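Keep the 3D view open as you read.

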Amino acid sequence: MKSFINVQDLGPLDKALAEAMEIKNDRYKYQHLGKNKTLMMIFFNNSLRTRLSTQKAAMNLGMNVIVLDVNAGAWKLETERGVIMDGDKSEHLLEAIPVMGCYCDLIGVRSFAGLTDREYDYAETVLHQFIKYSGRPVFAMETATVHPLQAFADLITIEEHKTVERPKVVLTWAPHCRALPQAVPNSFAEWMNAAEDVDLVITHPKGYELDPKFVGNARVEYDQKKAFEGADFIYAKNWSNPGVTCPEDYGKITCEDRSWTVDTEHMSWTNNGKFMHCLPVRRNLIVTDDVIESENSLVIPEAANREISCSVVLKRMLEALATGASK
């Protein structure tokens with residue numbers, strides 16, 4: 001596996017889930033794969049779970065780890081070609097990337113959407129520069145449009161906690177005080193579609209339609225109560241306007257309806273549904289205290305599974321390195 005961005009990169013999900021369970025039972029079984037190998041984690045944005053879980057997964061696999069905070073511990077980087085660099089950016093990404101590649105075997109990149117230029121964000125410009133110029137296998141630790149490690153962890157969590165063969169899973173928009181990217185809901189929808197044994201419903205205010213390539217075969221329901229009825233899992237997440245139906249609204253907050261906040265009444269509409277969120281979460285805006293603290297809240301097991309999802313991805317990349325398949 002040379003790169004990991006979308007669910008297709010992982011191959012059959014049943015095999016990936018089986019591998020996740022194997023690793024969860026013995027997290028150090030494949031330490032030999034990472035001996036004398038170095039992972040470089042590059043952060044253009046803040047992180048807690050991604051940083052900790054990815055570093056722990058790499059250490060479980062015997063790897064050395066280098067963490068680079070671009071905005072705190074490096075020269076400011078220019079990302080655009082053709083720019084006259086007479087401002088505050090001292091180094092261009094096109095030189096920095098191959099230099100980084102000299103010092104490691106695998107690269108993880110975290111870079112959020114700018115939320116001003118939809119075409120630029122959805123082209124995944126920064127990530128693809130790393131893939132093109134680093135000379136190393138690259139995986140996404142959240143990008144402008146996707147967060148595959150989170151979605152894989154979500155799928156593992158649902159697999160562990162489902163009580164029916166084909167659970168109803170609802171991705172619900174919730175209000176927020178800041179404009180947030182669509183990466184988490186995009187990937188969640190993509191992975192739930194790929195899982196096949198999931199009945200996926202997406203609910204949000206009109207105008208907040210996700211890109212069709214991520215929505216896939218999911219049913220879109222604008223009535224949140226109808227969407228929640230009989231649900232086994234509720235996945236709450238805010239996202240800013242994706243600009244699908246109205247391009248000029250891309251990245252903006254065009255709805256602030258607090259009635260979408262997930263509270264006890266909302267959860268009463270479900271089939272004793274489990275609550276999920278990727279974290280960090282704004283309490284009493286996305287979800288109320290009583291729901292996130294309830295026995296049906298899976299936010300901590302979900303976060304713990306980030307270590308497992310990343311372990312599977314890193315293991316496969318290391319195996320590809322060992323066989324030369326990543327070259």
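In this predicted model, helix α1 (residues 13–25) packs against helix α7 (residues 148–161) at an angle of about 80 degrees, and their axes are 11 Å apart. Angles of 65 to 115 degrees count as roughly perpendicular, so that is how α1 and α7 stand to each other. On the α1 side, the contact is made by Leu13, Ala16, Leu17, Ala20, Met21 and Lys24. Helix α7 brings Phe152, Leu155, Ile156, Glu159 and Glu160 to the contact. Of the residues in this contact, eight are nonpolar and three are charged, with no polar ones.

Which residue has a ring stacked with that of Phe152? The partner is Trp191: the ring centres are 5.4 Å apart and the planes are at 25 degrees, so the pair is stacked. Phe152 lies in helix α7 and Trp191 in helix α8 (residues 183–195), so the pair ties together parts that are 39 residues apart in sequence. Are these two residues buried or exposed? Both Phe152 and Trp191 are buried. Ring pairs also bring in Phe4, which joins Phe152 and Trp191 in a cluster. In total, the model has eight aromatic pairs.

| Charged residue | Ring | Distance from ring centre |
|---|---|---|
| Arg51 | Phe43 | 4.5 Å |
| Arg118 | Tyr122 | 4.1 Å |

Conventions. Residues are numbered from 1 along each chain as its sequence is written. This is a predicted model: local features need pLDDT of at least 70, side-chain atom pairs count only at pLDDT 80 or more; totals for chains, interfaces and linings use all residues. Side-chain values use heavy atoms; hydrogens and water are left out. Axes are lines fitted to C-alpha atoms, for helices over the stretch in contact, and angles run from 0 to 180 degrees between N-to-C directions. Helices (H or I, at least four residues) and strands (E, at least two) are DSSP runs, numbered from the N terminus. Angles under 35 degrees count as roughly parallel, over 145 as roughly antiparallel, 65 to 115 as roughly perpendicular and the rest as oblique. Contact means heavy atoms within 4.5 Å. Ala, Val, Leu, Ile, Met, Phe, Trp, Tyr, Cys and Pro count as nonpolar, Asp, Glu, Lys and Arg as charged, and the others, Gly among them, as polar. Rings of Phe, Tyr and Trp (its six-membered ring) pair if their centres lie within 6.5 Å; planes under 30 degrees apart count as stacked, over 60 as edge-to-face and the rest as tilted. Buried means under 20% relative accessible area, exposed over 50%, partly exposed in between (1.4 Å probe, protein chains only). A charge sits over a ring if NZ of Lys or CZ of Arg is within 6 Å of the ring centre and within 35 degrees of the ring normal.
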